[in-house]
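Me: Hi! I'm new to this one and would like a friendly walk through it. Could you keep the answers plain?

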Amino acid sequence: ARRQRQMCIRDSRKADIMEYTKLANGMQMPMLGYGVFQIDDETTERCVSDALAAGYRLIDTAQAYMNERGVGAAIAKSGVARDELFVVSKIWVSNYRYEDAKRSIDESLERLGLEYLDLMLLHQCYYDVYGAWRALEEAYAAGKVRAIGVSNFDPVRLLDLCTFAKVAPALNQVETHVFWQQKPAHANMVKLGVQHMAWGPFAEGANDFFHNPLLTELGAAHGKGVGQVALRYLIDSGVVVIPKSTKPERMAENIDVFDFELTPADHAAIDALDTNASVCYDHTDLTVVGGLLGFIKSSM
């Protein structure tokens, strides 16, 4: 209900449709953006430049991706007005102590070449979450970030932070795709007033995603591709998506999802694909999480 369909002018020759969501503090955020996970810094500059040229205005990066400078360089060369962009980054766990988090926010801004971030997240729900969150709250009050949120927080950790923080998270970015639709977590976010954002909306290609028979059939019926159907489904469900590609033609395809509608029957069919389990990085698996925490501790 909070999502709004609006016209977004991309160039002087045409207008293209973008849909927006309104965060708890009143900020408008595009429902679709461009993610740069696992793209090296040099390649990131070219990819973000291509994405901006294709009409993307939401760009998602992170300290841990090691490509904030590439994002910033592309933005600086783009000629796109700053107030037309929505730039997201994330504090990495090794910077979660209060003073380290404060410093890292300034370092991210320096690498990006920006005076403020539209949204900054805690990347994981481990270590000194409250120390890092206090630094984010102060950055928010100072205008260095326009909204603050979290990533990879399960419903219990999200409820805890929303209950005790001075400023509740505006958004939670979690693995979400047709094979793990996160419906209970989504319902919890809606109840708490936290926007749901998906990483891995293409399931990282798992389960032969791009050849899924149902998504292929629905794509053919609507004159769209498998990825476009999956993105439209998530957006219809109130989930912000950040598909990634290094190919300009694929970037153009991924953003071209606002000129068709899935039927209730389409939605019901896609609902049935949900396995209610991670296919990318299971944050409930002690071995997986233990390996991550061990790596973080060794690097501190």
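Me: What lies over the face of Tyr98?
Reply: Arg134 does, at 3.8 Å from the ring centre. One thing to keep in mind is that this is a predicted model.

Me: And which ring does the charged end of Arg82 sit over?
Reply: That would be the ring of Tyr116, with the charged end 4.1 Å from its centre.

Me: OK, on to rings with rings. How many aromatic pairs are there in the whole structure?
Reply: A search finds six. One of them is Tyr34 with Tyr56, an edge-to-face pair with 5.7 Å centre to centre and 65 degrees between the planes.

Me: Which parts of the chain does that pair tie together?
Reply: Tyr34 belongs to strand β4 (residues 34-35), while Tyr56 is in the loop between α1 (41-54) and β5 (58-60), so the contact links parts that are 22 residues apart in sequence.

Me: Are those two buried or exposed?
Reply: Tyr34 counts as buried because its relative accessibility is 0%. Tyr56 is buried too, also at 0%.

Me: What about Phe209 and Phe210, how are their rings arranged?
Reply: Edge-to-face again: the centres are 4.8 Å apart and the planes are at 90 degrees. Phe209 is buried, with a relative accessible area of 0%, whereas Phe210 is partly exposed at 40%.

Me: Which residues make up the aromatic cluster there?
Reply: Phe179, Phe202, Phe209 and Phe210 form one cluster.

Me: What else does Phe209 touch?
Reply: Leaving aside residues up to four places away in sequence, its contacts include Val178, Pro201, Ala203 and Leu215. Val226, Gly227 and Ala230 are also among them.

Me: Now the strands. How well covered is β6?
Reply: β6 is mostly covered, with six of its six residues buried. Phe86, Val88 and Lys90 point one way, and Val87, Ser89 and Ile91 point the other way.

Me: How do β5 and β6 pair, parallel or antiparallel?
Reply: They pair in the parallel sense, over three bridges. Ile59 stands opposite Val87 in β6. Between the two strands the chain passes through helix α2 (residues 68-78), and this β-α-β crossover is right-handed.

Me: What joins β6 to β7?
Reply: Four bridges join them, and the strands run parallel. Val88 has Leu119 in β7 as its bridge partner. Together with helix α3 (residues 98-112), β6 and β7 make a right-handed β-α-β unit.

Me: And how many bridges are there between β7 and β8?
Reply: Three, again in the parallel sense. Leu121 is partnered by Gly149 in β8. To get from β7 to β8 the chain goes through helix α4 (residues 129-142), in a β-α-β crossover that is right-handed.

Me: Which residues cover the two faces of β7?
Reply: Leu119 and Leu121 are on one side, with Met120 and Leu122 on the other. These four residues are all buried.

Me: Last topic. Where is Ala142, and is this residue buried or exposed?
Reply: Ala142 is in helix α4. Ala142 counts as exposed because its relative accessibility is 57%.

Me: How far is Ala142 from Asp285?
Reply: Their C-alpha atoms are separated by 38 Å, and the two residues are 143 residues apart along the chain.

How values were computed:
Residues numbered from 1 in each chain as written. Predicted model: local features only at pLDDT ≥ 70, side-chain atom pairs only at ≥ 80, totals over all residues. Heavy atoms only, no water. Buried < 20%, exposed > 50% of the residue type's maximum accessible area, 1.4 Å probe, protein only. Pairing = 2+ DSSP bridges. Right-handed = clockwise from strand over helix to strand, strands pointing away. Contact = heavy atoms within 4.5 Å. Phe/Tyr/Trp six-rings, centres within 6.5 Å; stacked < 30°, edge-to-face > 60°. Lys NZ or Arg CZ within 6 Å of the ring centre and 35° of its normal.
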